[in-house]
Amino acid sequence: MSDFVPVLVLAPLAAGAGGLLLASRPRLRHLLALVTTAGVLAGHLALLVHISQGAGEVRVATGAITPPLGIELVADPLATIVGAVAAAVTLAVLVATRTMGPPELRSWFGLMPLLMLLLAGSQLAFLTGDLFTLFVAVEVTLLSSTVLLARAARGSRDAPLRAYLGVNLAVSALFLLAVAGVYVMTGTINLADLAERWPQAPAAPRALVGGLLLVVLGVKAGAAPVFTWLPATYPSMPPVLGALYAALLTKVGVAALLRVATALDLAETPDPLLLTVASATMLLGVLGALAQNNIGRILSWHVVSQVGYMLFGLALFDLAGLAGAIIYIAHHMLIKAALFLVAAAIEDHAGTLELKRLGGLARTHPGLGWLFGLAAMTLIGIPPTSGFVAKLSLVDAGIAAGTTGAAVSTGVALLVGLLTMLSMTKIWIGAFWGEPRSVVDRPVRSAAVPAAWGLLAATGMVSLLGGPLADVARTGAELLLGIGGAP
Amino acid sequence: MIFVVLISVLVAVGVYLLLDDDPVRLIIGAGLLGHGAVLGLLTVMREGRPPLVGAGEGTFADPLPQALALTAIVISFGVTAFLLAFARSTVDDAPGRSAVEPVDGIDSASDPTRESAEMAASLSPEAAAGAGSRRHPEHGDEQASA
């Protein structure tokens, strides 16, 4: 069972290289990407079934070097759930980019290799069991996403690119310094090994290096005081690629944050500072979204707000909180990508995402209206949807934590749910109600709509399989916290 | 101690340069910052004989930080190559500018023209006009939020 775990990283890498060789064969190139991504998805689902049947986690020492030394891959519930969802989103985006997005980008030979590199990097970031490989994986996703951003950004690409590069390059160097700090204090960078050796290190440098790691990964995740690079860059992407960025990139940071913070025991149960950060992220993100009048911008600000929910689960730092965070990441990646794909279809039809220039889509395109309505309800968390399952598990955990800080954050989470509804209503009123007034009126024939329906169906599966998923996520939280769990 | 001072200076200067708008400074800043981090990795190394079988007696030097530093150097090499290509394309995109001139304010000079040409190719004429006028406030907004 364990042999094919490295393939989940190597296959997209190889497909990316193959895509470069197939520069003159666009159809074959696209088919290769689809097959590879579907294979990664199937591999993760098989792993997930294997794990949920009692294995708990699968650890692989690559190159047969015994764990504290070599590169260890850990396919635990966090990695497989998030990895499977990442593959599903990539699949949907691949389907959508075949027929839409700017034509010169669609036919560009570098698009498919970069998408595959992005997938490989994020898979490695989810699966890796040591800090330095995490750094390498983050660099791989950073470089591939930057090249894609440089190529695909509309309007003025320099401002978003500088914001993205400046922030991320500084963060990468600090991350490397933090890794060096961890190594000099403990003599290891393997996370499982660190869980034992870290508490024996002296307290003062531990606080410094641990804090540095939290800040670095917090920037990557888009946490409260340091998220401004995110809404500055994501809206400049064509929404069809924005779907991939919103789903994959910040979640690499969130998943790494969950893994590192639990391995090094960087928080209390519950942690007042992290609760404050999480509440601020939720609130500032949703307030920023309310202030926008462009669908792409609204959705990008919502990414920030939703990261706050995941941090809320982390800040509780107990079984229920972390399990809720894992479910929330899965739900969020699917629904956010689906919403961005809807935005892509709207832009394909009307040529704009400005609410002022849109209207009456519910009358002219009822199918799109249903799609957006259902996706928005899932994002808000109306009962049968996966948003309800994910938010319920977090709110439940927040109340069970029992401290005043956790209760306040739970209240903020509920309030932010309400404000999310408000800004989704804003899109609904602006784009779907009223008189049709699009300047351009092209038929929506893009594959983004079926792709978004597919992702929506996947969120349906998340809520249908809510029970088993909650059990697996709980096992994942046990493994993260290092209590109980299967061997 | 000398390493600590050196790393601090490299990181401080690197961060300072990263804060600038100029792509060339961005590249130099990223390079310096990367060097600071790599030096940080090397200073944590345990010293000793070469880590080879049969290369003498006693404790051998810790090979892991060397491997990490090497990987980090390769990555920063790749990043620098990409940044240079990016800076070059920024300069090339600007009409009537040579590669040695400073590139401040280039985006407002180059992109709207290219953008509207693309839009005109894919949309109807009045839409292209509308889209062209729409870009400017959006651009200003981005500058503000960045």
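Here are legends for a set of close-up views of this predicted model. Local features need pLDDT of at least 70 and side-chain atom pairs count only at pLDDT 80 or more, while totals for chains, interfaces and linings use all residues. Residues are numbered from 1 along each chain as its sequence is written, chains are lettered from A and ligands numbered from 1 in the order in which they are written, and side-chain values use heavy atoms, leaving out hydrogens and water.

**View 1**
Chain A has 20 helices and 2 strands; both kinds of element are DSSP runs numbered from the N terminus, with helices being H or I of at least four residues and strands being E of at least two. The radius of gyration of chain A, taken over C-alpha atoms, is 21 Å, close to the 23 Å that the globule rule gives for 487 residues, so chain A is as compact as a globular protein of that length (the rule is 2.2 Å times the number of residues to the power 0.38). In chain A, 64% of the 487 residues count as buried. Buried means under 20% relative accessible area, exposed means over 50%, and partly exposed is in between (1.4 Å probe, protein chains only). Chain B has 5 helices and 0 strands, and 37% of its 146 residues count as buried.

**View 1. Two strands side by side in chain A.**
Strand β1 (residues 58-61) and strand β2 (residues 72-75) run antiparallel, joined by 4 bridges; strands pair if DSSP finds at least two bridges between them. On β1, A:Val58 and A:Val60 sit on the covered face, while A:Arg59 and A:Ala61 sit on the uncovered one. In a regular strand the side chains alternate between the two faces of the sheet.

A salt bridge is a side-chain nitrogen of Lys or Arg within 4 Å of a carboxyl oxygen of Asp or Glu. Here A:Glu72 and A:Arg59 make one, at 3.0 Å from N to O. A:Glu72 lies in β2 and A:Arg59 in β1, so the pair ties together parts that are 13 residues apart in sequence. A:Glu72 is buried at 5% relative accessible area, whereas A:Arg59 is partly exposed at 36%.

**View 2. A salt bridge between distant parts of chain A.**
A:Glu435 pairs with A:Arg363, with their closest N and O atoms 3.9 Å apart. A:Glu435 is in the loop between α18 and α19 (448-464), A:Arg363 is in helix α15 (residues 361-364), and they are 72 residues apart. A:Glu435 is exposed, at 55%, and A:Arg363 is exposed too, at 57%.

**View 3. A buried lysine.**
Find A:Lys251 in helix α11 (residues 239-263) of chain A. At 0% relative accessibility, A:Lys251 counts as buried. Leaving aside residues up to four places away in sequence, A:Lys251 touches several others, including A:Phe126, A:Val303, A:Ile329 and A:His332; a contact means heavy atoms within 4.5 Å.
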